[in-house]
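Visitor: Could you take me on a close look at a single part of this structure, one step at a time?

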Amino acid sequence: MSRTQRRRRTLVTLTVTAALACTGAAASANTPASDHAPQTGQSRPLAGLRVLLTNDDSMRAATTSNADGLGLYEIRKALCDAGADVVVIAPWQVQSGRGTAVTNGGTLSLSHRAQLPAGYENDCSGTPSGSPVYGVCLATGPCGPDSPSATPTDTVKFALRAGLAAKAGWRSGPDLVVAGINSGPNVSAQVNDSGTVGAALAAIHEGVPAVAFSSSGDATQRHFPVANYRAHARFAAGFLGGLRERGLFTDRFALKVDYPDVSAGQKAKPPVWTSVGHGKVVWHAYEPRTPGEPGGDLFDITLGICDNKPTSDCTETVKDADSTAMLGRGHIAVAPVTADRTYGARTSGAGQRDLAHLKWYVERHAPRS
């Protein structure tokens, strides 16, 4: 199906379901995301939905910080439990901060993960595709411990153009691309660096709707509790089910969903419609390897965290910023994103209607936590 055909179908669905919703009527016609998807059900709202799942944290899930792909397995489980058929094609190594980077040459190698992380072995059993998990590296043989990785954007482009047809038999492609759950929020200025968001942007450029999910870590943003991933995954399945029921999947823009820290037992506050902020939350710093040595050639790359520092770089100027809503107030922050981060500013007609319908859903009907 061409991108134009997808858009026409999406716009027709949006018009019908939004009209029903705005009059207070329930969506009486179940709108499948594609012609191979059956009607949705109350208990399995994603039944029949084909989902490509990727991230920028890799598919390893091996470190004690939970920063290298554990969120991917939590959302994989939640999506399959909701009825989706999920195929994972993700970077072989951690690719955090790679943005929309692509690889211009070489050979991609797929590594099928037969043994999943402990506790996730039986997730997604019985799906039509078998829900395989692949890591993608750059190699002319099997991926090894030191093999360079494909980027998040590489994985999406490869999957949509060749990989899903070859490995899952999906010749008509997926209905949805999901990126995440990322270890750490992707808000404000750092959205430009995010490989999670970059993967979602790659999907909409190929005409496939996409949503990027990112979860906050603990107070240090260096450890990422399972509780955050799990709560976010449950929310994500319900959120996507609501979008699907109302015909709100669109490739006009990607959606970005950031979830607050709930690891101490608190609940996330209701989702709010936000804009991508302009201030810094985390930034890259470059420290000379030998401080005070003039003319040195070695600089260590380090990360700084604003942590409420009263500096101009850390001051948010956007009134409805994603970072303020999520980090400052504990809300689930939802924002539309395109490559220039300005979707809506210069949009009219059907694009504005898409935004209005999505904002209405987020504020009135999206899951509360």
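Guide: Let's start with confidence: the chain averages a pLDDT of 85, and 84% of the residues score at least 70; pLDDT is the predictor's confidence in each residue, from 0 to 100. This is a predicted model, in which local features need pLDDT of at least 70, side-chain atom pairs count only at pLDDT 80 or more, and totals for chains, interfaces and linings use all residues. Residues are numbered from 1 along each chain as its sequence is written, and side-chain values use heavy atoms, leaving out hydrogens and water.

Now to our part, strand β2, which spans residues 85–91. Strands (E, at least two residues) and helices (H or I, at least four) are DSSP runs, numbered from the N terminus. Seven of the seven residues of β2 are buried, so the strand is largely enclosed by the rest of the structure. Buried means under 20% relative accessible area, exposed over 50%, and partly exposed in between (1.4 Å probe, protein chains only).

Next, its partners. Strand β1 (residues 50–54) pairs with β2 in the parallel sense over four bridges; two strands pair if DSSP finds at least two bridges between them. Val51 has Val86 of β2 as its bridge partner. To get from β1 to β2, the chain passes through helix α2 (residues 70–81), making a right-handed β-α-β crossover. Right-handed means that, with the strands pointing away from the viewer, the path from the first strand over the helix to the second runs clockwise. β2 also pairs with strand β4 (residues 133–138), in the parallel sense over four bridges. There, Pro91 has Val136 of β4 as its bridge partner.
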